[in-house]
Amino acid sequence: MSDTSSGRPAGARDRDSAGRARNARPRDGLGRPLPYGTGGVPRQPEGVVRTPEETVAEAQALLDEGKPFHAHEVFEDAWKSGPEEERALWRGLAQLAVGLTHAARGNVTGGARLLRRGAGAVEEWVTDTGVREPHGMDAAGLAAWARELADAVENAVVSGSDGTVDAARQAPRLRGGA
């Protein structure tokens, strides 16, 4: 028996060239899976080693395009490949991007929670290291942006909206003006 939309055997897992499980389904701009055979947004390649400058620039471009899910993947690469002393920073930034993703998808609780968790992680990293503007990023501004957006999403629900945000319009400025 096969999955008629992909030609794969029913229950078969997508795998990359090394045999690791990888979901090959196309995704929309917010990272939601689409049916096999459907056009989607090109995915970010995984495991790319970038300089911090390249990471910030690429993540900002994706955020500006309303693709916070894809920006999170860029931050995730930095957290996994960067120096140990910066991993908590990049992980916190990835959480901010995922929080924006969830808020844009209408997941108020998850979005607000991840925005606040990411804000706390970025602030904790700054406190621990004393570096206030890592790689030129406005850490305090990003944390404030995240908490304000989390509050706005939750308050919108209280006032009768579904809390969904426009990811491109709500995207932070990583380097000032968050």
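1. The largest nonpolar core holds 38 residues, of which Phe-75, Leu-93, Met-137 and Leu-174 touch the most other members. Such a core is a set of buried Ala, Val, Leu, Ile, Met, Phe, Trp, Tyr and Cys residues joined through side-chain atoms within 4.5 Å. At least two of its residues come from each of α1 (52–64), α2, α3, α4 (108–129) and α5 (139–158), and α3 gives the largest share, nine residues. Helices are DSSP runs (H or I, at least four residues), numbered from the N terminus.

2. The model is predicted: local features need pLDDT of at least 70, side-chain atom pairs count only at pLDDT 80 or more, and totals for chains, interfaces and linings use all residues. Residues are numbered from 1 along each chain as its sequence is written, and side-chain values use heavy atoms, with hydrogens and water left out.

3. There is one aromatic pair (ring centres of Phe, Tyr or Trp, the last by its six-membered ring, within 6.5 Å; planes under 30 degrees apart are stacked, over 60 edge-to-face, the rest tilted). The rings of Phe-75 and Trp-90 are stacked, because their centres are 6.1 Å apart and their planes lie at 25°. Phe-75 belongs to helix α2 (residues 68–81) and Trp-90 to helix α3 (residues 87–105), so the pair ties together parts 15 residues apart in sequence.

4. Phe-75 is buried, at 1% relative accessible area, and Trp-90 is buried at 2%. Buried means under 20%, exposed over 50%, and partly exposed in between (1.4 Å probe, protein chains only).

5. The charged end of Arg-25 sits over the ring of Tyr-36, 5.9 Å from its centre (CZ of Arg or NZ of Lys within 6 Å of the ring centre and within 35 degrees of the ring normal).
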